[in-house]
Amino acid sequence: MVARNLAWARVLTGTTLGFHIIFATLGVGMPLFILIAMVLAARRDDPDLALLARRWIRALVILVVTGAASGTLIGLDLYLFWPRFMAVAGRVIILPLVLEGFAFLVEAAFLALYLYGGAHLSRGKQIALWVPVTVGAGASGYLITTMNAFMNAPAGFVLRAGRPADVHPWAALFNLATPTETAHVLVTAYLTTGAILAATAAVSLLRGARHAYFRKAASLAVSVTAPLALAAIYTGDQAGKFLALHQPEKLAALEGLLQTTRAAPEVLFGWFSARSGQMVGGLRLPLPGLLSYLATGRFHATILGLHAFPRSTWPPLVVHDLFDAMVGIGFYLVGALFWYAIPLWRQGGSHRPGRLRLWLLALSGPLAMLAIELGWIAAEEGRQPWLIYGLMADRQGVTTAPGLPLVGAVYLPLYVALVVVTIVALRATFRRHRLRIDPASDEMAEVYTDARAGSPQSQPLAPGRWGWWQR
Amino acid sequence: MSGIQGYALVITGGLFALYTVTAGVDFGAGLLGLAAFLRRNAAAARIAEEVIAPVWEVTNVFLIIFTLALVSLFPGATGEFGDVLLLPVATGLLFLVVRYMAFGLREAFPASHRVLAAVHGIAGWLVPAPLMAFLVVSEGIGMKRAAGLLQLDGGRLLASPLTWALVVAALAGELALGGSLLLGFAVSRGEPAAAACFRRWALTGLAISAGGGAAATWLLARSGLIQPSPWLAPLALLALVALAVSVWLLTVARPRRRPFVTILIAYGAGLAAFGISHLPYLFRPVITVAQALNDPPMLAVLVPTFGFALVGAVPLVAWIYLYLPDRQFSRPES
C-alpha cells in the first residue's frame with residue numbers, strides 16, 4: 001500500500017506542481033510588470049503603456065482563475081497526499097504557509113477592488129490599489145518558497161521520539177536555505193514573466209506589427225528583464241554554493257560527480273552507465289577546477305562525489321542533465337536579452353530591432369518557462385529520497401488511504417483540461433478584445449467584438465488612457 | 001480548557017463559518033444565476049453574475065486559510081483527517097476545479113453561456129456536498145480501522161442519515177445565503193422581477209436548510225453525540241429567533257441586506273452550537289482538542305497571527321461582498 005501510494009502521490013504532486021508552477025510564476029511576476037507599465041504610463045502620459053497594462057491585466061485575470069484552481073489543488077493535495085508530512089510541518093514550519101494564505105487574501109481582495117471598483121478612481125489611486133496586488137503576489141512567492149527551503153535545510157526544532165520538540169517557528173522560517181532559495185525563485189519568476197511578455201511583443205513585431213505600442217511593450221519588458229537575467233545567474237551561483245556546504249549529495253547529483261575530486265572539473269550533460277558505474281558521454285570543459293571554483297570560490301577545493309554517501313540516499317542522476325539544460329537556458333537568456341537591450345538603451349525610441357534579434361527574443365519566453373520546469377524538477381528530485389532532508393523520507397510522509405489511484409485517474413486528465421481551458425480562454429479573450437489603430441489619431445485602441453446571436457458587431461472602447469479594465 | 005485552546009478553537013471555528021458563508025453566497029449565487037438564466041429572468045441572471053465576479057477568488061482563499069488553520073493549530077489530527085477524507089475532499093476539489101474552468105471560459109465566451117452557465121452553476125453548488133463528510137467523520141461516523149490505521153468507510157458514510165441531513169442543509173443553505181444577498185442587490189437596483197425570484201429561492205432554501213439542520217440535530221441527539229453545555233440552549237434560541245426574523249424580513253417589501261445578516265446570525269449560532277456540542281473531541285472518539293493542539297511556542301506565534309490578520313481582513317472582505325457589487329455596477333457605462 002505504502003509503495004503504491006508513494007508512487008501515485010509523487011506522480012500527482014509532481015504533476016500538480018508542474019502545472020501550477022506555470023500559473024504561479026506568471027501570477028507572481030505579472031503584477032510587477034503591470035505596475036511598472038501603470039507608473040510609466042502615468043509619468044509619461046502615454047496611452048500605449050496604459051493600454052499595455054490593461055491588456056496584461058486581461059491575461060492575468062484568466063491566469064488567476066485557472067491558477068486559483070491549480071493552487072487550491074496543490075494546497076489541499078499536500079494535506080491529502082502527505083498528511084504525515086503536514087502533521088510534522090504543522091508543528092514546525094506552518095507559519096509561512098499561514099502568512100502566505102493571508103498574502104494571497106490581500107492580493108485577491110485588492111484585485112477584486114481594482115477590477116470591480118477602481119475604474120473611476122484617479123490614476124494615483126488606481127496605482128495605489130495595484131501596489132498591494134503586486135506586494136501580495138511577491139510575498140506569496142517568497143513565503144511558499146521558505147517552506148521548500150525548510151525541506152532542504154530543516155531548522156528550528158529537534159526530533160524527540162519522532163515528534164518535533166523545542167520548536168522555534170521563526171528559526172524554521174528563516175532557515176539556512178531561505179536567503180538563496182527565495183532570492184533565486186523570485187528573481188527567476190520575474191525574469192520568466194518578463195521574457196514571456198517580451199516574447200509576445202516580439203512575435204507581434206515579427207508578424208509585421210509596426211505601431212509603437214508593440215516596440216514599447218518589448219522595450220519595457222526587456223529593460224526590466226535583462227538585468228534580472230544576470231541576477232538569476234548570480235542567485236543560482238549562490239544557491240549552488242549553499243548546496244556544496246549543506247546538501248553535498250544533491251550538488252554531486254546535479255553535477256553528475258560520482259567520485260570525490262580535488263580541483264573538480266565541470267562536465268556538461270552525459271548520463272550514468274549502470275554497466276560501467278560511471279557518467280559517460282559528457283562534455284568536459286577545458287578549465288581545470290571549474291566546478292570546485294563555482295561551488296566554493298577556490299579552484300583546488302575538494303568536492304564530494306556521490307560515492308561518499310550511501311547508495312540509498314542518491315538522487316536520480318537524470319537531474320544532472322535537467323540542471324545543465326536549465327543553466328544553459330539561463331545563459332541563453334542573458335545573451336538574447338542583452339543583445340536586444342544594449343542597442344535599445346543606446347538608441348532609445350528610435351531603436352528598430354532586426355529579425356534575428358526578434359527571433360531570439362521570441363524564443364526566450366518559452367525557454368525561460370522550460371527552465372523553470374527543469375529547475376523545479378531537478379531541485380525536487382535532487383532532494384530524493386528525502387521529504388525533509390535528513391529527517392523524513394518521502395515514504396514516511398505519504399497517506400495510507402486507499403483510493404489514490406482513483407484520484408490520479410480523475411486528476412491527471414483534469415490538469416490537461418485546465419491547461420487547454422487556459423489557452424482557449426486566453427485566445428478567446430484577446431479575440432474579443434482586438435487591437436486596432438485609430439486612423440484619425442494613429443492611436444492604438446482596443447475593440448470589443450461580440451459575436452453573440454450570429455450577428456458580430458464591433459464596438460470601439462474608449463481609447464482608454466485610464467480605466468484599465470473595461471469589459 | 002486553557003485560554004490558548006479556546007482562542008485556537010474560536011479561530012478555527014470562525015474560519016470554518018467564514019468559509020461556509022462566503023462559499024454559500026458564491027456557490028448559491030452561481031446556481032441562482034443559472035436558474036434565472038433558464039427562466040429567462042435576465043435581470044436576476046445579470047445581478048447574480050455581477051455579484052459573483054468580484055468575490056469568487058476571495059471565497060477560494062478562505063478554503064485554503066481554513067485548511068491551514070486546521071493543520072497549523074491542530075496538527076495532531078492532520079494525519080487521521082488526511083487519510084480518512086482523501087476521497088470526499090478530492091471529490092469536492094474536482095467540482096471546484098470544474099467550476100473554475102467553466103468560469104474561465106465564461107469570461108472568454110459569453111456567447112456560449114448556456115452550457116457553461118449550467119456547468120458553472122451546478123458544479124459550484126455541489127462543492128459543499130462531499131465536504132460535509134468532514135463534519136460527519138468528525139462525529140466518528142463513516143470510518144473504520146484497518147491494519148491499525150483509520151480509513152474511510154464509504155458505505156457507512158453514505159448510509160448514515162446524518163450525512164444526507166447535513167448535505168441537504170448545506171445545499172439548501174447556499175440558496176438561502178445567496179438568495180438573501182442577491183435580494184438586497186435586486187432591491188437596491190429597483191429590479192422587482194429579480195427581487196421576487198431571489199426572495200422565493202431564499203425562503204425555500206431557508207426552510208429546507210432549517211429542516212436539514214433540525215434533522216441533523218435530532219439524529220445527533222438520538223445517537224448521544226451531543227455533549228451537554230450551558231451554551232447550547234441560548235445558541236439554539238438565538239438561531240431560532242434569527243431564523244424567524246429572517247423569514248419575516250424576507251417577506252417585507254424592501255429588505256435590503258437585513259435578511260442576509262439575520263440568516264448569517266442563524267447559521268453562526270447553529271454552527272457554534274454544533275462545535276460546542278462536539279467538545280472535547282475534534283475527531284470523535286479518537287482525538288480530543290487537547291491532543292490535537294499544537295505546541296505552545298507555535299501557538300504563541302500562530303494565534304496572534306491569525307487574530308491580527310482576521311481582524312484586518314474580515315471588514316475588507318465584508319465590504320467586498322456587501323457593497324462592492326453595487327459600487328461597480330452603478331457606473332454609467334455598465
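Is T188(A) buried or exposed in this structure? T188(A) is buried, because its relative accessible area is 15%; buried means under 20% relative accessible area, exposed means over 50%, and partly exposed lies in between, for a 1.4 Å probe and protein chains only. The structure is a predicted model, in which local features need pLDDT of at least 70 and side-chain atom pairs count only at pLDDT 80 or more, while totals for chains, interfaces and linings use all residues. Residues are numbered from 1 along each chain as its sequence is written, chains are lettered from A and ligands numbered from 1 in the order in which they are written, and side-chain values use heavy atoms, with hydrogens and water left out.

T188(A) belongs to helix α7 (residues 178-206) of chain A. Helices (H or I, at least four residues) and strands (E, at least two) are DSSP runs, numbered from the N terminus. The T188(A) side chain reaches the backbone oxygen of H184(A) at 2.6 Å. When neighbours within four places in sequence are set aside, T188(A) is in contact (heavy atoms within 4.5 Å) with A232(A) and I372(A).

The meeting of the two chains comes next. Here 67 residues of chain A are in contact with 70 residues of chain B. The size of an interface is often given as the accessible area lost when the parts come together. Chain A and chain B bury about 6,000 Å² between them, with 75% of it on carbon and sulfur atoms; this buried area is the accessible area (1.4 Å probe) that two parts lose on being put together, summed over both. Three salt bridges are found across the interface of chain A and chain B, a salt bridge being a side-chain nitrogen of Lys or Arg within 4 Å of a carboxyl oxygen of Asp or Glu. R91(A) forms a salt bridge with D295(B), and the closest N and O atoms are 3.6 Å apart. On the side of chain A that touches chain B, the elements giving two or more residues are α2 (47-81), α3 (83-92), α4 (95-117), β2, α6 and α14 (404-432) of chain A. The largest share of that side, 16 residues, comes from α4(A). By type, the residues of the side of chain A that touches chain B are 51 nonpolar, nine polar and seven charged. In this division Ala, Val, Leu, Ile, Met, Phe, Trp, Tyr, Cys and Pro count as nonpolar, Asp, Glu, Lys and Arg as charged, and the others, Gly among them, as polar.

Over all chains, the structure holds 15 salt bridges. In one of them, the side chains of D46(A) and K216(A) meet at 2.8 Å, N to O. This pair links distant parts of the chain, 170 residues apart: D46(A) is in the loop between α1 (2-44) and α2 of chain A, and K216(A) is in helix α8 (residues 212-246) of chain A. D46(A) counts as buried at 11% relative accessibility, whereas K216(A) is partly exposed, with a relative accessible area of 28%.

In chain B, E139(B) forms a salt bridge with R284(B), the closest N and O atoms being 3.0 Å apart. E139(B) lies in the loop between α7 (133-138) and β1 (143-146) of chain B and R284(B) in the loop between β3 and β4 of chain B, so the pair ties together parts that are 145 residues apart in sequence. E139(B) counts as buried at 3% relative accessibility, and R284(B) is buried with a relative accessible area of 7%.

Most residues other than glycine have a negative phi, and most peptide bonds are trans. The peptide bond from R284(B) to P285(B) is cis, with omega near -10°. A cis peptide bond also joins L279(B) and P280(B), where omega is about 5°; P280(B) is found in the loop between α12 (258-278) and β3 (281-283) of chain B. In chain A, phi of D166(A) is near 50°, a positive value in a residue other than glycine. D166(A) lies in the loop between β2 (163-165) and α6 (169-173) of chain A, and D166(A) is partly exposed, with a relative accessible area of 47%.

Conventions:
Polar contact = N/O pair within 3.5 Å; in protein donor to acceptor, adjacent residues only side chain to side chain.
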